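My notes follow in the order in which I checked things.

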Amino acid sequence: MVKSKPVLGIIGGGQLGGMLATAAKKLKVKTIVLSDDPKAPAKKFCDEIIISEYDKRKTIEDFIRKVDVVTFEFENIPFKVLEYISRLKPVLPKPSINQIVQNRFTEKKFLNNIGIRTTNYVLISSQSDLLNNENFLPGLLKTCTLGYDGKGQFVLRNKEEASELKIEFNKEYILEKKVNLKKEISVIITRFLNNDFVIYEPIENLHVNQILNKSIIPANINKEIFEKAQQQTKLIAEKLDYVGTMCVEYFIDEKNNLLVNEIAPRVHNSGHLTINTHNVSQFENHIRAVCDLEKVELKKFFNAEMINIIGEEIKTHREKSYSKNEFFFDYLKLEIKEKRKMGHLTTIKL
Ligand code: ADP
Ligand code: MG
């Protein structure tokens, strides 16, 4: 008997939710998005959308009733909400993973405990903590929770800047020693319910003002780092008992040390190029894994480069014409905001 396909609930209605819904459609999997944003860009790509705050019991129950399995496009959904949902329907990846990864401190602790190197860091809860940890300067002070695209981060070059920093320490921070970066890479893996997995080659990433600007394959790295990054990514996915697509961001320092920067328990911006370079994209693999569909051997067809289109830049892109090796993705966001990811452009190398 052929298994019927589940109805997939996706929490979050941004561009990642939209690209997940597009991949699901290709696989004939019905999607229902839950979003707190009435203008959610994913609306145009999914089968149904429920607009609600993430902690509103009645609408969440409606959502749960309509779906067979639940996943999410961003990791900052309150743990209590995911846990509540998981009592009634499977949530993949499982909520306990989010609890670890949502917090930069517990995330790094977890990594160090499984023998993986991260940046040097210290927990900071007051101005005096900051001043007493001069050996972590120059560094970056980051909120432990809820930061993305460089939000909630302060670059501190020296003690003077640290003492001039005027923030209320009403939440926890970590101070990370600044790494002299040679390169940044990311590795995307999809792990299935039967522990099988597919892993993409490392992607090289360039950031501008802590926001991803460009992603490239192949990454310009040696074989040793290529393999080590894939091995570590696999180990992390296994230790987390992860199901779905996950991304690990790495720093490579001047001495060629490989350090994990952070784990994204979801599809990742650097993996957008997989839509055009591989037989199965990171989005389609995520749907296949969480819906328990067949795993397909991964094949790369092209090398490529992807650039993020931020804020006003989208206007010129909307009017441009593109050649056959260029793929422009417009997230169809109604409002243009500074630093907002509005779309991306992937150029494949023919
Ligand atoms: P976000 O959660 O916003 O993605 P990250 O911690 O990944 O935040 O930081 C964003 C970017 O800022 C990194 O990709 C890197 O370019 C730079 N950065 C962050 N931490 C450090 C560090 N300790 N040393 C050097 N660069 C850093
Ligand atoms: Mg990051």
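How many residues does helix 8 have, and how far does helix 8 reach from its first C-alpha to its last? I noted first that this is a predicted model. Helix 8, residues 223-239, has 17 residues and reaches 24 Å, close to the 24 Å expected at 1.5 Å a residue.

I then looked up burial along helix 8. Ile225, Ala229, Gln230, Gln232, Thr233, Ile236 and Ala237 are buried. They cover an arc of only 165° around the axis, so they lie on the same side of helix 8. On the other side I found Lys223, Glu224, Gln231 and Lys239 exposed. The cover over the buried residues includes helix 5 (104-113), strand 9, strand 10, strand 13 and strand 14 (258-264).

I checked both ends of helix 8. At its start, a side-chain oxygen of Asn222 comes within 3.2 Å of the backbone nitrogen of Glu224. Just after helix 8, Asp241 has a positive phi of about 50°.

Next I turned to strand 9, part of that cover. Why is strand 9 largely enclosed by the rest of the structure? Nine of the eleven residues in strand 9 (181-191) are buried, and I call it largely enclosed because of that.

I listed the pairings of strand 9.

- Strand 13 (residues 244-253) runs antiparallel to strand 9 and is joined to it by ten bridges; Ile185 stands opposite Tyr250.
- Strand 11 (residues 203-208) is also antiparallel to strand 9, with three bridges; Ser186 has Ile203 as its bridge partner.
- Strand 10 (residues 197-199) pairs with strand 9 in the antiparallel sense over three bridges; Thr190 stands opposite Val198.

Last, I looked at the hairpin of strand 9 and strand 10: five residues lie between the strands, and Asn195 takes a positive phi near 75°.

Note on methods:
Residues numbered from 1 in each chain as written. Chains lettered and ligands numbered in written order. Predicted model: local features only at pLDDT ≥ 70, side-chain atom pairs only at ≥ 80, totals over all residues. Heavy atoms only, no water. Buried < 20%, exposed > 50% of the residue type's maximum accessible area, 1.4 Å probe, protein only. Helix = DSSP H or I, 4+ residues; strand = E, 2+ residues; numbered from the N terminus. Pairing = 2+ DSSP bridges. Expected span 1.5 Å × (residues − 1). Arc of directions from axis to C-beta. Contact = heavy atoms within 4.5 Å. Polar contact = N/O pair within 3.5 Å; in protein donor to acceptor, adjacent residues only side chain to side chain.
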